[in-house]
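This briefing goes through one structure by topic. It begins with a question and then turns to contacts between and within the chains.

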Amino acid sequence: MSWGGRQWTQFWFEPVTATNLGVCRLLFFGSLFLFYLRRDLSAWADVSPVFLSPIALFEALHLPVASRDTLVGMQTVWKLSLAFSSLGLLTRPSTWTSFALGVYLLGLAHNFGKAHSHDAILVLTMGFMALSRCGDSCSVDTLLRRRQRPSTPNARYPVASGEYGWPIKGVWVVLALVFFAAGVAKLRASGLDWIASDNLSIMILQNYYHRANADPLTSWGLHLAGHPWLVRGVAAATVGVELAFPLVLVSRVARAILVPGLLLMLVGIRLVMGPSFEQFAFAFLFWVPWDRLARASRTKRLARSPVDDRPNAAPERAPTLRRPVPSAPAPRRFRAGDSAGGRPGDGPGQGW
Amino acid sequence: MTPYRAVLPDGPVDPLLSPWRKRFLSVILGIVIAGSVVTLVASTEHWPFSRYSMYSQARRTYTLTLPRLVGVVEGTGEERQLYEFKYIQPFDQARLRGALVKLLRRTGREALLEEAVRDCLRRYEAGRRARAHDGPPLQALRLYRLGWNLDPWARNVEHPEHKQLILEVRARGEGR
């Protein structure tokens, strides 16, 4: 394998346990279910065709605007599939249904007038999850499997595998490209004027005239816009964070600084400018090292419990399968923390 | 499910990831990355791939001009700007504005705009009758091009300095 191939494999397919992916599945689909539960996507069926301006995807697949009844049925099934996906019940068909119907239902609105880009990350993430083994942990499917086959090793202990890391890395990479593209677009369209002029102050003020897809949640932007030099600092920080964001893929320090920084930026935008980017926040769930948090919490609980009540040393890592190789010495099995390059990796769930 | 064995050059075995599965996933990931990079480099929009160019054009003057729907209240003739989601749903104000701007640029736009504004009025009235919103009954819906000199505290939102009537659609009797 070439150097590039090894790096690619090491980045995407470093073996990790299934816990992180399972928690991400539960929270991501759960958030989507709650966010879209009361939203009626079927109303697009009633909009006049005069507004119709099909996007390339719908044109290529010849997807029509379905009737109201059909859309009501589709969104009901979609919302149920989101709930099932979150619970990890019939995970594979649920996640595929979520993805397929999500592409249509979320894409439908973009055929009318203006294509927003805030929900594209949701579609790509659902696609990753549909292709993944996200139901192997923290799922009803796993519980049922354990009850049916308690003696089978696979039923009780998900192995460490590259299958459990690549979907999380996929979301990381997409988010990195999204925010890098936003930074590049600003400099390409406006150069340093985007930062050095009154541009951001004007933008903030304009959004108080009901210009964006949602109004600012507070009046703080009006106060902020009155301090041009402060706003220019914010503008510089915004572009800086966006352009630097791809560093989060290779640096733990960058992740610790830029991920919370960008999340704060999205919150700030909602508060002082208005545009609703909540959907991006759902994807930020994939940055959190849930398994490390669970381990730290477990360690604290054990440390606080009386010595006599502590269990015997619990394994830090998930046990792996034992499959003897008939005609060769038994190969070294993957354990959490191993990598193709032979050194501890820096992947999701491991040394984040 | 029988786990696969993927033998890597250094010997370790991933019990769930076969070489074919790895190649398949690599192709999928490569397509997603390529789609994002291509739209970034070519500065195009192909949902779900985007160049994320919102708010990239620098604003240079403290002014704002945009098309906006304004309802004429039945009886009083009072004008009310309709920008809240509950009045224009399923559009939001940005998407509706984008749609109207597109129609304004098309040939034969008068007929298209009339149909568009009539559709907005129809949906407004349907929502009002279904109690989806608390807006008053309208006798007409107007499309204006509104212009503001931005006030530091946005005190003139409801009183734009410039108003250019583009189109008016009167409510039909049977629609009330």
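This is a predicted model: local features need pLDDT of at least 70, side-chain atom pairs count only at pLDDT 80 or more; totals for chains, interfaces and linings use all residues.

Are A:Phe51 and B:Phe91 buried or exposed? Both A:Phe51 and B:Phe91 are buried.

**Aromatic pairs**

- Over all chains, the structure holds 22 aromatic pairs.
- In the pair of A:Phe51 and B:Phe91, the ring centres are 4.8 Å apart and the planes stand at 55°, so the pair counts as tilted.
- This pair crosses between chains: A:Phe51 lies in the loop between helix 2 (19–36) and helix 3 (56–60) of chain A, and B:Phe91 lies in the loop between helix 2 (85–88) and helix 3 of chain B.
- One aromatic cluster is formed by A:Trp172, A:Phe179, A:Phe245, A:Phe277, A:Phe280, A:Phe284, A:Trp287 and B:Tyr52.

**Interface of chain B and chain A**

- Chain B contributes 82 residues to the contact and chain A contributes 91 residues.
- About 7500 Å² is buried between chain B and chain A, with 65% of it on carbon and sulfur atoms.
- Two salt bridges are found across this interface.
- A salt bridge joins the side chains of A:Glu163 and B:Arg21, with an N to O distance of 2.5 Å.
- Between chain B and chain A, 30 residue pairs are in polar contact, with both residues at pLDDT 80 or more.
- On the side of chain B that touches chain A, at least two residues each come from strand 2 (13–14), helix 1 (19–42), strand 3 (63–73), helix 3 (93–104), helix 4 (109–129) and strand 5 (138–149) of chain B.
- Helix 1 of chain B gives the largest share of that side, 14 residues.
- By class, the side of chain B that touches chain A consists of 45 nonpolar, 17 polar and 20 charged residues.

- A:Thr238 belongs to helix 13 (residues 228–244) of chain A.
- The relative accessibility of A:Thr238 is 11%, and because buried means under 20%, A:Thr238 counts as buried.
- The side chain of A:Thr238 reaches the backbone oxygen of A:Val234 at 2.8 Å.
- Apart from its neighbours within four places in sequence, A:Thr238 contacts A:Lys186 and A:Met265.
- A:Arg252 is 14 residues from A:Thr238 along the chain, and their C-alpha atoms are separated by 20 Å.

Technical notes:
Residues are numbered from 1 along each chain as its sequence is written. Chains are lettered from A and ligands numbered from 1 in the order in which they are written. Side-chain values use heavy atoms; hydrogens and water are left out. Contact means heavy atoms within 4.5 Å. Buried area is the accessible area (1.4 Å probe) that two parts lose on being put together, summed over both. A salt bridge is a side-chain nitrogen of Lys or Arg within 4 Å of a carboxyl oxygen of Asp or Glu. A polar contact is a pair of N or O atoms within 3.5 Å; within protein, one must be able to donate a hydrogen and the other to accept it, and residues adjacent in sequence count only if both atoms are side-chain atoms. Helices (H or I, at least four residues) and strands (E, at least two) are DSSP runs, numbered from the N terminus. Ala, Val, Leu, Ile, Met, Phe, Trp, Tyr, Cys and Pro count as nonpolar, Asp, Glu, Lys and Arg as charged, and the others, Gly among them, as polar. Buried means under 20% relative accessible area, exposed over 50%, partly exposed in between (1.4 Å probe, protein chains only). Rings of Phe, Tyr and Trp (its six-membered ring) pair if their centres lie within 6.5 Å; planes under 30 degrees apart count as stacked, over 60 as edge-to-face and the rest as tilted.
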